[in-house]
Amino acid sequence: RKLIAWDCNCSICKMKRNTHFVVPASRFRLIAGSESISCYQYMTKTAKHLFCSECGICSYYVPRSNPDGIAVTIFCLDPGTVDQVDIRHFDGDHWEDNFEQSGISECSKDSN
């Protein structure tokens, strides 16, 4: 199984080293721990930076680029979950200029 992951250089992703892949929100299920999830938002307040209030890890969030999707941090996957990860750069420092041409918005579309 192959994933396309995004390495973003916006202010928050750069500091968190948040390399992530995006799935449609309809295909994401949090199995346990929802009571410990906290949310941080800034600037446009479109993105929902979710993190565990007990350990501080941000394993997934709702990205500004894909408000209809969930971005999952690749480093939070169990080993062996995927066979290959193709990492693409997203220029979040120049978000408005990069968004349309990147193709990232298509990642949260359900292909059923």
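Two strands count as paired here if DSSP finds at least two bridges between them. Strands themselves (E, at least two residues) and helices (H or I, at least four) are DSSP runs, numbered from the N terminus. With those terms in hand, let us walk through the fold. What you see is a predicted model, in which local features need pLDDT of at least 70 and side-chain atom pairs count only at pLDDT 80 or more, while totals for chains, interfaces and linings use all residues. Residues are numbered from 1 along each chain as its sequence is written, and side-chain values use heavy atoms, with hydrogens and water left out.

Let us start with the overall plan. The protein has two helices and seven strands, and along the sequence they follow the pattern β-α-β-β-β-β-β-β-α. The radius of gyration is 14 Å, close to the 13 Å that the globule rule gives for 112 residues, so the protein is as compact as a globular protein of that length. That radius is taken over C-alpha atoms, and the globule rule is 2.2 Å times the number of residues to the power 0.38. Taken along the principal axes, the C-alpha atoms fill a box of roughly 35 × 35 × 25 Å.

Of the 112 residues, 38% are buried; buried means under 20% relative accessible area, exposed means over 50%, and partly exposed lies in between (1.4 Å probe, protein chains only). Among contacts with a separation of 6 or more, 56% are between residues 24 or more positions apart, where contact means heavy atoms within 4.5 Å. The protein exposes about 7100 Å², with carbon and sulfur atoms supplying 51% of it; accessible areas come from the Shrake-Rupley method with a 1.4 Å probe, and for residues only the protein chains shown count as cover.

Now to the sheet. Five strands form an open sheet in the order E5-E6-E2-E1-E7, with mixed pairing. Its edge strands are E5 (60-61) and E7 (84-90), each of which pairs on one side only.

Strands E5 and E6 pair in the antiparallel sense over two bridges, and Tyr 61 has Ala 71 in E6 as its bridge partner. What can be said about the cover of strand E6 (residues 69-73)? Five of its five residues are buried, so E6 is largely enclosed by the rest of the structure. The cover reaches both faces: Gly 69, Ala 71 and Thr 73 are buried on one side, and Ile 70 and Val 72 on the other.

Next comes E2, which runs antiparallel to E6 and is joined to it by five bridges. Here Phe 21 has Val 72 in E6 as its bridge partner. Strand E2 (residues 19-24) also pairs with strand E1 (residues 2-8), in the antiparallel sense and over two bridges. Across that pairing, Trp 6 stands opposite His 20 in E2, and Asp 7 stands opposite Thr 19 in E2.

His 20 deserves a stop. This residue of strand E2 is buried, with a relative accessible area of 3%. Leaving aside neighbours within four places in sequence, its contacts include Ile 4, Trp 6, Cys 8, Tyr 61 and Ala 71. His 20 and Ala 71 are 51 residues apart in sequence, yet 5.8 Å apart in space, C-alpha to C-alpha.

Strand E1 is mostly covered, with five of its seven residues buried. E1 and E7 pair in the parallel sense over seven bridges, and Lys 2 stands opposite Gln 84 in E7.

The loops hold a few residues to look up as well. Cys 58 sits in the loop between strand E4 (49-52) and E5. Is Cys 58 buried or exposed? Cys 58 is buried, with a relative accessible area of 15%. Beyond neighbours within four places in sequence, Cys 58 is in contact with Lys 16, Leu 50, Phe 51 and Thr 73. Two further loop residues have a positive phi without being glycine. Arg 17, in the loop between helix H1 (11-16) and E2, has a phi near 55 degrees. Lys 45, in the loop between strand E3 (37-40) and E4, has a phi of about 60 degrees.
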